[in-house]
Amino acid sequence: MKYIELFLEEVKDAYMYVFKGNRPIDPSPYELPSNILILGLAFVLALITIWIVFWIVNIIISVTLDKENEKAKFSNDNILAEIRKRKEIDKKFRKKHKSLKEIGDYAEDECVNILKQSFPDMIVIENAYPNYSQAGKRKVSQCDVIGITKNNIYVFEVKNYGGIIYPSDDLYWVSSTYDNLNPKGQREYKYNPAKQNSMHCRTIWLILKTKFPTEKFDWKKKVRNIVVFSDRTVMVYPEVTTTKNEFPETIMNMEDLVSYIADEESKGNADINAVEVSSFFEKYKEENVSEEIKKESLVDAKSHYGR
């Protein structure tokens, strides 16, 4: 450290000598060359130091990029394996189911059957039309499936898409075929089902807090926004959760439904009277609502979702 300080002092003196004219009255003939030599040496050392810094930074960046590329490769390999799996499921499915209605109904029926078989105490309502009046106007939602337990109210939006879906915060989600793993390539746009279902959850929450007021818990925390895709669907980046929705969503394939519900139920406090709530919701079943209400649900959906 001492030698470095002495060298820097020499560099300073040399600078003053050469550029500022700070010279003795009778300088030695070797004074100027030696000072220039010192400045040249200082310049070379500075360049070497800068080169070493850039070299170290470059190594750090290269190592970081290598790790990221390795992670990306691993992630991409996983996605490709997932695509092969889902594509095979889709191939078998399409041999048995042809019409769009049959395809859509199958996923909802599968969801209902899984819930009933795996959770006998859950009261399951399919195709419900919960509605309430606000400022003299009726608000109607159409829910694919509602599951009522002593712990939670599960509101399911069920989608039976073939291909790849890219969940995001956007109003519309990008979807593509199995062979087009590129959200910027050939694609379609589907309205964000998490936002769609969040509106259904809001309707149910407003009904619950009005018809079953309680100070024991907050009904809003009991309503679960769940988007379930059939096992034909490949989800890329399904870990993305939308923070903009009033009711945060959980997105999953059908095969993950049982483990999710089991985990949620294990954390519950058993403070909902499921029989009382489900009895009230009986009137919202498809067979118990008027055609007028069903039509109003389509009008509300168009105004909310632009479809």
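Student: Which residues are buried in helix α5 (residues 257-266)?

Tutor: In helix α5, Leu 257, Tyr 260, Ile 261, Glu 264 and Glu 265 are buried. Buried means under 20% relative accessible area, exposed means over 50%, and partly exposed lies in between (1.4 Å probe, protein chains only). Helices (H or I, at least four residues) and strands (E, at least two) are DSSP runs, numbered from the N terminus. The model is predicted: local features need pLDDT of at least 70, side-chain atom pairs count only at pLDDT 80 or more, and totals for chains, interfaces and linings use all residues. Residues are numbered from 1 along each chain as its sequence is written, and side-chain values use heavy atoms, with hydrogens and water left out.

Student: How do you know that the buried residues of α5 line one face of the helix?

Tutor: Looking down the axis of α5, the buried residues fall within an arc of 125°, so they line one face. The arc is that of the directions from the helix axis to the C-beta atoms.

Student: What do the buried residues of α5 pack against?

Tutor: They pack against α3 (100-118), β5 (153-159), β9 (223-229) and β11 (249-253). Contact means heavy atoms within 4.5 Å.

Student: Which residues of α6 are buried, and what makes them one face of the helix?

Tutor: Ala 274, Val 277, Ser 278, Phe 280 and Phe 281 are the buried residues of α6. Seen down the axis of α6, they fall within an arc of 160°, so they line one face of the helix. Their cover includes β1 (123-128), β4 (143-148), β5 and α4.

Student: How are α4 and α6 packed?

Tutor: Helix α4 (residues 193-211) and helix α6 (residues 274-281) pack at an angle of about 115°, with their axes 12 Å apart. The axes are lines fitted to C-alpha atoms, for helices over the stretch in contact, and the angles run from 0 to 180 degrees between N-to-C directions.

Student: Which residues of α4 and α6 meet, and how is their contact described by class?

Tutor: From α4, Ile 204, Ile 207, Leu 208 and Lys 211 meet Val 277, Phe 280 and Phe 281 of α6. By class, this contact has six nonpolar, no polar and one charged residues. Ala, Val, Leu, Ile, Met, Phe, Trp, Tyr, Cys and Pro count as nonpolar, Asp, Glu, Lys and Arg as charged, and the others, Gly among them, as polar.

Student: Why is the pair Arg 94 and Asp 90 called a salt bridge?

Tutor: A salt bridge needs a side-chain nitrogen of Lys or Arg within 4 Å of a carboxyl oxygen of Asp or Glu. The closest N and O atoms of Arg 94 and Asp 90 are 3.2 Å apart, so the pair is a salt bridge. The two residues are four residues apart in helix α2 (residues 31-96), which separates them by about one helical turn.

Student: Why is Asp 90 called buried, and why is Arg 94 called partly exposed?

Tutor: Asp 90 has a relative accessible area of 9%, so it falls in the buried class. Arg 94 has 41%, so it falls in the partly exposed class. Not counting residues up to four places away in sequence, Asp 90 touches Gly 162, Tyr 178 and Arg 232.

Student: What makes Glu 292 and Arg 138 a tie between parts that are 154 residues apart in sequence?

Tutor: Glu 292 forms a salt bridge with Arg 138, the closest N and O atoms being 3.6 Å apart. Glu 292 lies in helix α7 (residues 291-305) and Arg 138 in strand β3 (residues 137-140), so the pair ties together parts 154 residues apart in sequence. Arg 138 is partly exposed, at 28% relative accessible area.

Student: Where do Glu 291 and Lys 294 lie?

Tutor: Both lie in helix α7, three residues apart, about one turn of the helix. Lys 294 is buried, with a relative accessible area of 17%. Elsewhere, salt bridges that share partners join Glu 82, Lys 85, Arg 86, Asp 231 and Glu 255 into one network. The count comes to 19 salt bridges.

Student: Why is Thr 233 called buried?

Tutor: Thr 233 has a relative accessible area of 1%, so it counts as buried. Thr 233 is in strand β10 (residues 233-235). Leaving aside neighbours within four places in sequence, Thr 233 is in contact with Arg 86, Tyr 161, Gly 163, Ile 165 and Asn 253. Thr 233 and Asn 253 are 20 residues apart in sequence and 7.3 Å apart in space, C-alpha to C-alpha.

Student: How many helices and strands does the protein chain have?

Tutor: The protein chain has seven helices and eleven strands. Buried residues make up 41% of its 307 residues.
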